[in-house]
Amino acid sequence: MGNTVEKQRNHNLEFTDSDIKDSGRKYAYSFDYDVMHPYMIRSFQPFFRPGSLLELGSFKGEFTRRFLEHFDDITCVEASDEALGEAREKFGDRVNYVNSMFETVTLPRRYDNIILTHVLEHLDDPVAVLRRINDEWLAEGGRFFLACPNANAPSRQIAVKMGLISHNAAVTPAELEHGHRCTYSLDTLERDAVAAGLKVVQRSGIFFKALANFQWDRLLQTDIISDEYLEGCYQLGQHYPDLCSSIFLLCEKGPSRG
């Protein structure tokens, strides 16, 4: 499924941050960078292993910057040469960059930590890539951190009731424009991880979310949202993972199925 379709994709175009015609909405939001990234790190950090980190899909390095506080040995694989070029300008030789698609990349070793955040939903054959992570790249005793946007986030469920999207897992025009192939919920995410041979050791959600990203961006420019409110949304997400902005699986290496 992946090879023929994948060669036709323009990763530079998919990752261009522009308003989507007929919708007037961006793909990348301050909410993702300023709110979700710190809370993702907070969710991941207790499970980090000492040693190396492989970040799959590093884009322009916004998330990579946060990993530099925790790891000295970081490799980033990114399909967009334009995005990778911007990241390289920021971090230079502090990070090892590989410009390639996950389906075809050759990596020289295994890694103690592998990060795949808000990327799996872009892939034409997600199980095949997850299988490579399990069989080829994840070290024995290593940890794989898998996070995706959540189909069942209240903001999406509200959009369904408003008639803006047909169902929770729908791929919106903006998402499709930027390469989304599906929208995961916890059960379908775990289904694909298990199908790839990974051992799921923890399931969680990150940040209770009832508003769309563009609404959050507007609110964050006011004094309506306090740090305490943001913390409350994060804490509430621990109780209701299925109602979070992002869903998170912590995985370990399972038996190879290759």
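## A tour of charged pairs

Begin by selecting aspartate 192 and arginine 191, whose side chains meet in a salt bridge with an N to O distance of 2.9 Å. Keep in mind as you look that this is a predicted model. Aspartate 192 is buried, because its relative accessible area is 8% and buried means under 20%. Side chains of opposite charge can pair when their charged atoms come close.

Next, select glutamate 231 together with arginine 42, where you will find another salt bridge, at 2.7 Å from N to O. This pair links distant parts of the chain, since glutamate 231 belongs to helix α11 (residues 227-239) and arginine 42 to helix α3 (residues 30-44), 189 residues apart. Glutamate 231 is partly exposed, with a relative accessible area of 25%, and arginine 42 is also partly exposed, at 35%.

Now move to arginine 181 and aspartate 124, and display the salt bridge between their side chains, which is 2.9 Å from N to O. Arginine 181 sits in the loop between α8 (173-177) and α9 (186-195), while aspartate 124 sits in the loop between β4 (111-117) and α6 (126-137), so the pair ties together parts that are 57 residues apart in sequence. Are these two residues buried or exposed? Arginine 181 is partly exposed, with a relative accessible area of 34%, whereas aspartate 124 counts as buried at 5%.

For the last stop, select Arg49, Arg143 and Glu252 together, which are linked in a network of salt bridges.

Note on methods: Residues are numbered from 1 along each chain as its sequence is written. This is a predicted model: local features need pLDDT of at least 70, side-chain atom pairs count only at pLDDT 80 or more; totals for chains, interfaces and linings use all residues. Side-chain values use heavy atoms; hydrogens and water are left out. A salt bridge is a side-chain nitrogen of Lys or Arg within 4 Å of a carboxyl oxygen of Asp or Glu. Helices (H or I, at least four residues) and strands (E, at least two) are DSSP runs, numbered from the N terminus. Buried means under 20% relative accessible area, exposed over 50%, partly exposed in between (1.4 Å probe, protein chains only).
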